[in-house]
Amino acid sequence: MKKNQQGFTLIELLVVIAIIGLLSTLSIVALNQARARSRDARRIADVKQIQTALEMYYNDLGQYPTSLTAGSNISSSTVVYMDIVPKPPLPADNAACSNTILYTYTPTTIGGVANGTYTLAYCLGSNTGGIPSGLNTASPSGIGLRSIP
């Protein structure tokens, strides 16, 4: 008399569980990498938006603001150029960036004009869009021009 098999063997169940575990591990790793890339893309977008607001301010007033802090705005007495200066997304994604929790704006006098130029320091977790990972600066000439030592 032949026995009908009911259900799965222990080995079949262990193989399926191992495959599911492997696939879930790979998907979590891929998800974490995608999150890190999206944080870097957000940092670059933030810096470009801040630069745009600073250039509009400069075009109207002939100089850059004396200071810029996260959560404040970029405005003159009559025009708001940026309502809220953003904070970079956390975590920093790079050991060199662990102490850099904000975008750092530094106005500089050039050619006798107070606040005639600026640097905006920011940090990326990995190479993004041709901009190297680590500490970088943006200025009126562009974004990601040089790394800060």
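Okay, hi everyone. Please keep in mind that we're looking at a predicted model. I'll start with helix 1.

Helix 1 covers residues 10-61. It has 52 residues and reaches 76 Å from its first C-alpha to its last, close to the 76 Å expected at 1.5 Å a residue. What comes after helix 1? It is followed by G62, and the phi of G62 is positive, near 75°.

So which residues of helix 1 are buried? They are R39, D40, R43, I44, D46, V47, I50, Q51, A53, L54 and Y57. Let me pick out two aspartates from that list, D40 and D46.

D40, in helix 1, has a relative accessibility of 1%, so it counts as buried. What does D40 touch, once we leave aside its neighbours within four places in sequence? Its contacts are L124, G125, S126 and T128.

Now D46, which also belongs to helix 1. Is D46 buried or exposed? With a relative accessible area of 5%, D46 is buried, because the cut-off for buried is under 20%. Again leaving aside neighbours within four places in sequence, D46 is in contact with P86, K87, P89 and Y103.

Compare that with M56, another residue found in helix 1. M56 comes out at 38% relative accessible area, so we call it partly exposed: that label covers the range between 20% and 50%. And if you look for Y103 from M56, the two are 47 residues apart in sequence and 19 Å apart in space, C-alpha to C-alpha.

On to the core. The largest nonpolar core has 21 residues, and the ones with the most contacts inside it are I50, I74, L120 and Y122. Which elements give two or more residues to this core? That would be helix 1, strand 2 (80-82) and strand 4 (113-124). Helix 1 gives the largest share, six residues.

Let's zoom in on Y122. Not counting residues up to four places away in sequence, Y122 touches V47, Y103, I131, G134, L135, N136, T137, A138, I143 and G144.

One of those contacts is I143, and I143 sits in strand 6, residues 142-147. Leaving aside its own neighbours within four places in sequence, I143 is in contact with I44, V47, K48, Q51, Y122, I131, T137 and A138. How far apart are I143 and I131? They are 12 residues apart in sequence, and their C-alpha atoms are 8.1 Å apart in space.

Next, strand 4. Y118 lies in this strand, and its relative accessible area is 1%, so it is buried. Here's its list of contacts, not counting residues up to four places away in sequence: Q51, L54, E55, Y64, Y105, T106, P107, T108, A138, S139 and P140. From Y118 to P107 we go 11 residues in sequence but 4.2 Å in space, C-alpha to C-alpha.

Strand 4 also holds N115. What's the phi of N115? It is near 55°, a positive value in a residue other than glycine. N115 is buried as well, with a relative accessible area of 11%.

While we're on backbone angles, have a look at the peptide bond from L90 to P91. That bond is cis, with omega near 5°. P91 is in the loop between strand 2 and strand 3 (104-110).

Strand 2 itself includes V80. Not counting residues up to four places away in sequence, V80 touches I74 and S75. Now find T9: V80 and T9 are 71 residues apart along the chain, and their C-alpha atoms are separated by 69 Å.

Last stop, cavities. How many cavities of 30 Å³ or more does a search of the whole structure find? Two. I'll describe the second largest cavity, with a volume of about 40 Å³. Its lining is made up of I50, L68, T69, A70, V85, Y103, Y105 and L120. By class, that's seven nonpolar residues, one polar and no charged ones. You've met I50 and L120 already, among the residues with the most contacts inside the largest nonpolar core.

Notes
Residues are numbered from 1 along each chain as its sequence is written. This is a predicted model: local features need pLDDT of at least 70, side-chain atom pairs count only at pLDDT 80 or more; totals for chains, interfaces and linings use all residues. Side-chain values use heavy atoms; hydrogens and water are left out. A nonpolar core is a set of buried Ala, Val, Leu, Ile, Met, Phe, Trp, Tyr and Cys residues joined through side-chain atoms within 4.5 Å. Buried means under 20% relative accessible area, exposed over 50%, partly exposed in between (1.4 Å probe, protein chains only). Helices (H or I, at least four residues) and strands (E, at least two) are DSSP runs, numbered from the N terminus. Contact means heavy atoms within 4.5 Å. On a 1 Å grid over the protein atoms alone, a cavity is a set of points where a 1.4 Å probe fits but cannot get out, and a pocket is an open set with protein on both sides within 12 Å along at least five of seven lines; lining residues have an atom within 4 Å of a point. Grid points are joined across faces, edges and corners, and a volume is the space filled by probe spheres set on the points. Ala, Val, Leu, Ile, Met, Phe, Trp, Tyr, Cys and Pro count as nonpolar, Asp, Glu, Lys and Arg as charged, and the others, Gly among them, as polar. The expected span of a helix is 1.5 Å times one less than its number of residues.
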